[in-house]
Amino acid sequence: MSSTLGSLTLDSIADEVAERGYARRSPAEVRATLRGSDAELRDFAGSWQRLETDGFMRDGGRYRLRRLANFLAIPGEAGHRRGLHRAHFQATVHNTLNGGVDRWFAPVEDAAVANPFCQGLLALGRDVADRLHPATRWFVEMHQFRVQAQPNSPGHPTPEGVHHDGVDVVLIAMLARTNLKGGETRVTDDDGRELARFTLEGMLDLTILDDRRVMHGVTPVQPANNALPSSRDVLVLTWKRAA
């Protein structure tokens, strides 16, 4: 187990994901697990202020900002090796809106990757992935997302709808909800039967999903007060078996 992790029962998370395809942990549970100061957490969340506009939205939207990084996780080797910057690709079967093309996004800042909370979330997700699929070599992607909403122009956290990401394990952590309504996370089976519905609200509110077993999506977001800025900041980490 990584030294960045505390005493959260990782077995119970992996057991839940193995049993029903997903698990959720509260901000208090996750904050108690990840080591790091309040100032370091503020610094990590603050890196979302420097994301760049996603220029690959086929719906023409300019409501999503993001950064991207990739890593390799090797059996028997602690941590994640950061890889050379590369495009993000999803097949159209997994992303009917934006899939089928290489999408180049600005790289995640080095300081954000090095932050203890980023390292702790990477370690947490890898522990679950390794327990579900032991001795696996992982290709890992880190996505920083900000979805903005305007009066009469909602933001779409998952414009492709309820979907699989085409990976093995997905970790989604909330960093900030600012002046929002909406944004419910839905977890379904492949037949569309709803397994769970919840709203990630507090900082470090977290869910982990077995992407091969369940689908997920998030409902649109709108400003709670039309006179104020409105945004939803999340971290998405994915583990996919490497070739």
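Q: Hi! Before I look around, what counts as a salt bridge here?
A: A salt bridge is a side-chain nitrogen of Lys or Arg within 4 Å of a carboxyl oxygen of Asp or Glu.

Q: And what sort of model is this?
A: This is a predicted model, where local features need pLDDT of at least 70, side-chain atom pairs count only at pLDDT 80 or more, and totals for chains, interfaces and linings use all residues. Residues are numbered from 1 along each chain as its sequence is written, and side-chain values use heavy atoms, with hydrogens and water left out.

Q: Thanks! How many salt bridges are there by that rule?
A: The count comes to 20. In one of them, Arg50 pairs with Glu109, and their closest N and O atoms are 2.8 Å apart. The two sit 59 residues apart: Arg50 is in the loop between α3 and β2 (52-53), and Glu109 is in the loop between β4 (81-82) and α4. Those labels are DSSP runs numbered from the N terminus, with helices (H or I) of at least four residues and strands (E) of at least two.

Q: What about Asp233 and Arg146, are they buried or exposed?
A: Both are buried, meaning under 20% relative accessible area, while exposed is over 50% and partly exposed is in between (1.4 Å probe, protein chains only). Their side chains meet in a salt bridge at 2.7 Å, N to O.

Q: Which residue does Arg186 form a salt bridge with?
A: That would be Glu194, with the closest N and O atoms 2.8 Å apart. Salt bridges with shared partners also connect Glu184, Arg186, Glu194 and Arg197 into one network. Arg186 is partly exposed at 21% relative accessible area, and Glu194 is partly exposed at 39%.

Q: Switching topic: which residues of helix α3 are buried?
A: In α3 (residues 38-46), they are Leu41, Phe44 and Ala45. They lie on the same side of α3 because they cover an arc of only 95 degrees around the axis, taken from the directions from the helix axis to the C-beta atoms.

Q: And what's on the other side of α3?
A: Arg42 and Asp43 are there, and they are exposed.

Q: Last one: what order do the strands of the open sheet take?
A: The order is β9-β8-β11, with antiparallel pairing; two strands pair if DSSP finds at least two bridges between them. Four bridges join β8 (residues 185-188) to β11, and Thr185 has Val218 as its bridge partner in β11.
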